[in-house]
Amino acid sequence: MRKLLLCLAGWTIALGVWAQEYPQLGAKLDEYFTALSGESAEVQNAECDYIISSCTDSLVRQFVALKIYDHYLHSKIMGDDAVAVHVAQEWFLSGKVAMREPEDLLNAKVFVAFNESSLIGEKAPSVKLQTPEGRWMPIPVASEYAVLYFYDTSCSTCKITTTQLRQLMAEEPYSQAQVYAIYTGSDASAWEAYRSNFDSSVIHLWDPEVSSDWQRLYGVLQTPRMFLVSPFGIILGRGLDVPALRMLLDRELGSGSYSYGEAGQMDRYQQLFAAYGDTLKSSHVMDVADYLAARTMGEGDMEAFKQVEGDLLYFLSSRREEPYRDAIKPFVERYIHMPDVWTTEEDQLQVVALADFLLDLTSRTPVGSEVPDLTVPGVLRRKPCLFAKDGRAGNYALRKLRGRPGYVVFYTGGCSSCQATLSAVEQLVSTNRRARVLLVDVDAILNDQPALGQQLLDSFDLSALPFVLELDRKGVVQHRYVQL
């Protein structure tokens, strides 16, 4: 990796003279992050320290350190949070580099406190939690693979994750791992009712008084939150969803001949599609899929075909932008639902099952269809309502939103992406007099009106929030997975 730095020496050595050229410097740093992706946290820590220490100008050093910290803080690649913790501790909390505002330093301290104990490769913190019978149990337990699943009964994403986790653990290769379902709330009756959603092999735990400090030790600031711990007590994965858990268990338990969706492959697809920028369309995704098929299956290499197209499926499953989600149906129909190709048990479990799951999600209320005839509680945001602090609350028929444009934003509290979308809503309605935006709190509906909540889950792809629909004045869906 030091060779990489030598190749970039033309700009790293001259950082001190770039104080007034931050846009160029930021672009160079983005190239640097791409070059570093896939390296271990230890290598990335060392390289980040090197690049920050190469800055001779204090303002440039601050810019570079903050840029690096922000990149790793918001990275979607598992394990990158360890680099953010390192940079915060080494450069900001130590006082070597100042953050711009005191509250930024406070936020960095909180981030470190809630993440340093549960990083990948570290010893999993031992905590004592209580069973439904009132017995205290230390977890994780040595000599077994342990899945630590933190959830809340009122969390809509948790309901989906719980179903997926139950289905995964029912499969024979994964039954070797012990699931600990840890309820993060304090409502005993809600917890008792929710436990029926799990298989009987699951061990149920809670600590409503947080006396074991599990919240800080495992960084559980929102749910769901899932970890995989090795029989030696080492954290193998954190912040997992169920497909990622499946891949880790496959690797650890020796299931399957190929691990789909590994970080390196996902990064390569990310870089490939980044070249399209804002012009990306679902047809571009299919162009890539067609090209890969021609270079593999077209040349008689079926194993390579399955690997590249399987990885592309996993990449599509991780993206929420409209072009990627719209490509799922034609991609699956063309390259996954192929006779005599995905025939092994591993193919069915790792690829076909995921493809069918994604097809089901993306088939709900497609573009061109009329939005379901549902009336939901929500908050209407539009310019005439701006005098009201929180908009106008009430019950609204989805088909009668009648904005130009009209949006429905399904969100949940405590979700950083949701908060960013809600902020974008305020900007939209303040600048577009015709826009109408209905804000729908999915968690609140699931708690107060579970039957209506189930209708929403059945009607829309709410597997990840926020989920934004654009409707015309007749209630016909124009776009889904809108990024406001």
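Colleague: Why does Asp213 count as partly exposed?

Modeller: Its relative accessibility is 28%. Buried means under 20% relative accessible area, exposed means over 50%, and partly exposed is in between (1.4 Å probe, protein chains only). The 28% of Asp213 falls in between, so Asp213 counts as partly exposed. Before we go on: this is a predicted model, where local features need pLDDT of at least 70 and side-chain atom pairs count only at pLDDT 80 or more, while totals for chains, interfaces and linings use all residues. Residues are numbered from 1 along each chain as its sequence is written, and side-chain values use heavy atoms, with hydrogens and water left out.

Colleague: Is Tyr481 buried or exposed, and how do you know?

Modeller: Tyr481 has a relative accessible area of 2%. That is under 20%, so Tyr481 is buried.

Colleague: What makes the phi values of Asp213 and Tyr481 worth a look?

Modeller: Most residues other than glycine have a negative phi. Asp213 is not a glycine, yet its phi is positive, about 65°. Tyr481 also has a positive phi, near 55°. Asp213 lies in the loop between strand S5 (203–206) and helix H10 (214–217), and Tyr481 in the segment after strand S13 (477–479). Helices (H or I, at least four residues) and strands (E, at least two) are DSSP runs, numbered from the N terminus.

Colleague: Why is the contact between Asp30 and Lys67 called a salt bridge?

Modeller: A salt bridge is a side-chain nitrogen of Lys or Arg within 4 Å of a carboxyl oxygen of Asp or Glu. The closest N and O atoms of Asp30 and Lys67 are 3.3 Å apart, which is within 4 Å, so the pair is a salt bridge. The two residues sit in distant parts of the chain, 37 residues apart: Asp30 in helix H3 (residues 22–36) and Lys67 in helix H5 (residues 58–73).

Colleague: How do you know that Arg364 and Asp360 meet in a salt bridge, and which of them is buried?

Modeller: Their N to O distance is 2.5 Å, so the pair passes the 4 Å rule. Arg364 has 19% relative accessibility, so Arg364 counts as buried, whereas Asp360, at 37%, counts as partly exposed. By this rule the count comes to 15 salt bridges.

Colleague: What makes strands S10 and S11 a pair?

Modeller: Two strands pair if DSSP finds at least two bridges between them. Six bridges join S10 (residues 406–411) to S11 (residues 436–441), so the two strands pair, and they run parallel. Across this pairing, Tyr407 stands opposite Val437 in S11. Both strands belong to an open, mixed sheet of six strands, in the order S9-S8-S11-S10-S12-S13.
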